[in-house]
Amino acid sequence: MNTSSEKATSGTYDVIVLGAGPVGQNAADHARAAGLTVAVVERELVGGECSYWACVPSKALLRPVIAVADARRVDGARQAVTGPLDTARVFARRDHYVTDWDDSGQANWVKSIGADLFRGQGRIDGPRKVTVTSSDGARRALTARHAVAVATGSRPVLPDIPGIDEARPWTNRQGTDSHAVPGRLAIVGGGGVGVEMATLWQRLGAQVTLLARRPLLPRMEPFVGDMVARGLTEAGADVRIGVSVTGLSRPDPAGPVTLSLDDGTRLEADEVMFATGRAPRTDDIGLDTVGLTPGSWLDVDETCLVREVGGAWLYALGDVNHHALLTHQGKYQARTAGDAIGARAKGQPLDNGPWGDHATTADQHAVPQVFFSDPEAGAVGLSAEQATRAGHRIKVVDVDFTQAQGANLYADGYQGQARMVVDLDREILLGVTFVGPGVSELLHSATIAVAGEVPLKRLRHAIACFPTVSEVWLFLLKGYED
């Protein structure tokens, strides 16, 4: 392997990683652990979307909101909650966790693992070649001996409707980095970003109107969206299902925005936020130089190697491969791919890693996801509809959380529901869904059961502590036996 001085002089590395978010950092870390030299290229902040405009700031903002909501569900505690949230302190908490959008700490971490950091726009320039253009226009040519890993993430998609430019809508970035609470906020989109932002801004004092063409959280079990919609409505939000925005108008840049809806009505708001999907950040990274379409999702194998490029050198990790647009899944892919790159570089087989084979098997059947709405929603694996569509013979078990005494002690009048989807032929879990206060911390037990394909006859010996919310497992398993 080259020494640090040799690689800096030559511009040649074993691995080049495009994107220094959590996914790129994990790929770099595992490649370095395999003894490979690594260059990391980042065009914005080291730490990426998750650290500064998505997972971290949204959770930092939502935690005070949910904490107060939880306190108000417990007699004796609700009497102590006598005033509104201190928005200035909530924003200050967020600013702390995003380090005031200063990435020097994460940049130093990249350097601490022995990787070289290049700031600028990285573009592939043919097989194993990358050109980095810095903000002052200077260009640096890099070469990878073994691999280039694309971990450039995704960007929000704005719909092509009249007035979209004039309206200057928020995306997740403004939704998580704003320091002011709008009086009226219209949120378009009923997926995870939409419901979390509706939960946040309604509780911070905005009058939120949430507009969705389909039921909320449509990829989860239907009862989840129903309960989340009810929670938002009880908090004072206006939730409208089955409506679309057909036009926007904001003639005065300092004035309100008017939304025209397909039901013939109009809605006026001080700000409008679109949470209507994401697209890969692959439009300006030189894909055309290796025969790929700029702006496209990248098709990969189980080691995240791009299928359509020969030579086994181009990898796509995280959002760009469209397997699961979730930070934890991208980090999982990056760890797996980093190990696979190391094994391939050394000529080793891909089935002798310290954790078994180098394959992202959890991307196929055990993807966990949590939405920090009120109530919280979490799921792993397949829904009942997805399992049926995939040809499985299943049994669905539904349990009201109030059967578990631990849930009733957690919150007075606890409202929540759990579902497990069982493969009748193998008697293992295909999927588990929870919705209710505090359920996010239950999800990993379900993830272990699904990912590990734990037989139900063995799972029944995993005893939940009394009196905890996790007692719901007892009733789910009993429901299968009945």
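Predicted model: local features only at pLDDT ≥ 70, side-chain atom pairs only at ≥ 80, totals over all residues.
Strand 20 covers residues 417–423, strands here being DSSP runs of E with at least two residues and helices DSSP runs of H or I with at least four, each numbered from the N terminus. Strand 20 is mostly covered, since 6 of its 7 residues are buried, a word that stands for under 20% relative accessible area, while exposed stands for over 50% and partly exposed for what lies in between, with a 1.4 Å probe and protein chains only. Strand 20 pairs with strand 21 (residues 428–436) in the antiparallel sense over 7 bridges, where pairing requires that DSSP finds at least two bridges between two strands. These two strands form a hairpin with 4 residues between them, and Glu427 in the turn has a positive phi of about 55°. Strand 20 is also joined to strand 19 by 7 bridges, again in an antiparallel run, and Asp398 stands opposite Arg419 of strand 20.

Gly391 is exposed, with a relative accessible area of 65%, and its C-alpha lies 29 Å from that of Val439, a residue 48 places away in sequence.

Elsewhere, Thr133 lies in strand 5 (residues 129–133). Thr133 counts as buried because its relative accessibility is 19%, and, leaving aside residues up to four places away in sequence, Thr133 touches Gly120, Gln121, Arg123, Ala138 and Arg139, contact meaning heavy atoms within 4.5 Å.

The helices give another view. Helix 2 (residues 22–33) and helix 11 (residues 327–345) pack at an angle of about 25°, with their axes 8 Å apart. Helix 2 is therefore roughly parallel to helix 11, a description that applies to angles under 35 degrees, whereas angles over 145 count as roughly antiparallel, 65 to 115 as roughly perpendicular and the rest as oblique. The contact includes Pro22, Val23 and His30 of helix 2, and Gly330, Lys331 and Asp339 of helix 11.

Terms used: Residues numbered from 1 in each chain as written. Heavy atoms only, no water. Axes fitted to C-alpha atoms, helices over the stretch in contact; angles between N-to-C directions.
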